Amino acid sequence: MENNKGLIFNIQRYSIHDGPGIRTTVFMKGCPLRCIWCQNPEGQAPKSEILLNLEKCTGCGRCVLECPKNAIEIYKGKSHTNRQICDGCGRCAEVCPNEARNLAGRLMTAEEVFGEIIKDRIFYERSGGGVTLSGGDPLAQPDFAISILKLCKEAYIHTALDTCGYAEWKTFEEVLKFVDLLLYDFKNIDPIKHKKNTGVLNDLIINNAKKVCHKLSIPMWARIPIIPGYNDSQREIEDIAKFISVELGSCVQRVNLLPYHRLGEIKFERLEANYSLSTEPPDEGKLNEFKKIFESFRLPVYIGG
């Protein structure tokens with residue numbers, strides 16, 4: 001894939017939760033983690049994929065006839081996809097009369113993405129906003145991310161990078177040359193728990209966070225998903241707060257506690273995949289307790305955002 005082209009699965013305008021002001025969030029395909037609570041599972045694989053809404057499917061069979069891989073069959077009046085065969089070409093989505101099939105992952109040039117970003121420049125200027133690259137994880141497509149960020153910087157548009165931080169430092173550092181604000185995810189401090197919940201150890205993530213703060217001094221917003229039963233013990237929250245306060249210091253401008261929600265569940269269904277997580281969103285009282293823990297470490301903390 002050319003450096004100037006990459007896979008995008010959504011461009012969300014008028015976003016207010018991915019950095020300061022009104023922003024455009026660009027969701028890029030590919031992620032090195034497999035968080036069991038992932039809210040954007042369609043962003044994990046570095047390839048185009050079909051999202052299937054069975055409620056809209058009438059079993060008309062047009063997708064079956066159109067599929068060049070013979071990856072679709074009608075079963076009990078609904079279409080189903082053999083994901084081992086499907087290559088995400090999107091032809092089934094093009095012929096579906098009910099929009100039951102949609103393509104997640106479109107190949108775009110950096111100029112095409114920037115063309116969408118620049119449309120809302122007036123809102124960025126008035127609100128102190130800008131563009132945020134998210135995903136998936138933009139570090140999965142570092143050259144493409146740099147191409148987009150360069151165009152934004154040349155246009156004096158504020159840039160933010162939303163990442164799990166799991167990348168070789170050399171790659172990460174190159175991308176950060178064009179980043180004004182880093183939105184950095186911390187899921188677990190304990191490495192064993194982190195691997196169990198995300199599929200990878202967190203040593204690279206932890207070390208990269210320290211380098212960002214002590215070598216580059218890029219402003220950081222720490223974002224912590226609160227997942228009941230997985231990282232919401234008092235000890236776990238205290239450990240995360242202590243790490244951010246002691247090891248990262250003043251480069252962390254704020255902490256955002258992101259309560260778990262079930263919106264990712266339907267996306268797993270539309271990928272025709274199993275959703276293994278069994279938990280409920282945290283209650284408000286517990287979130288406020290966690291907020292007080294972070295405040296005890298003199299960290300500015302917000303619930304949500």
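Tutor: Buried here means under 20% relative accessible area, exposed over 50% and partly exposed in between, with a 1.4 Å probe and protein chains only; strands (E, at least two residues) and helices (H or I, at least four) are DSSP runs numbered from the N terminus. This is a predicted model, in which local features need pLDDT of at least 70 and side-chain atom pairs count only at pLDDT 80 or more, while totals for chains, interfaces and linings use all residues. Residues are numbered from 1 along each chain as its sequence is written, and side-chain values use heavy atoms, with hydrogens and water left out.

Student: Which residue in β5 is the bridge partner of Ile72?

Tutor: Strand β4 (residues 72-75) runs antiparallel to β5 and is joined to it by four bridges, where pairing requires that DSSP finds at least two bridges between two strands. The two strands form a hairpin with two residues between them, and Lys76 in the turn has a positive phi of about 55°. Within β5, the partner of Ile72 is Thr81.

Student: Which residues have the most contacts inside the largest nonpolar core?

Tutor: A nonpolar core is a set of buried Ala, Val, Leu, Ile, Met, Phe, Trp, Tyr and Cys residues joined through side-chain atoms within 4.5 Å. The largest one has 58 residues, and helix α5 (residues 142-154) gives the most to this core, with seven residues. Those with the most contacts inside the core are Phe186, Met220, Ile244, Val255 and Phe294.

Student: Is Cys164 buried or exposed?

Tutor: Cys164 lies in the loop between β9 (158-163) and α6 (169-176). Its C-alpha atom is separated by 5.9 Å from that of Tyr184, 20 residues apart along the chain. Contact means heavy atoms within 4.5 Å, and, not counting residues up to four places away in sequence, Cys164 touches Pro32, Leu33, Asp137, Tyr184, Asp185, Lys187 and Ile205. With a relative accessible area of 3%, Cys164 is buried.
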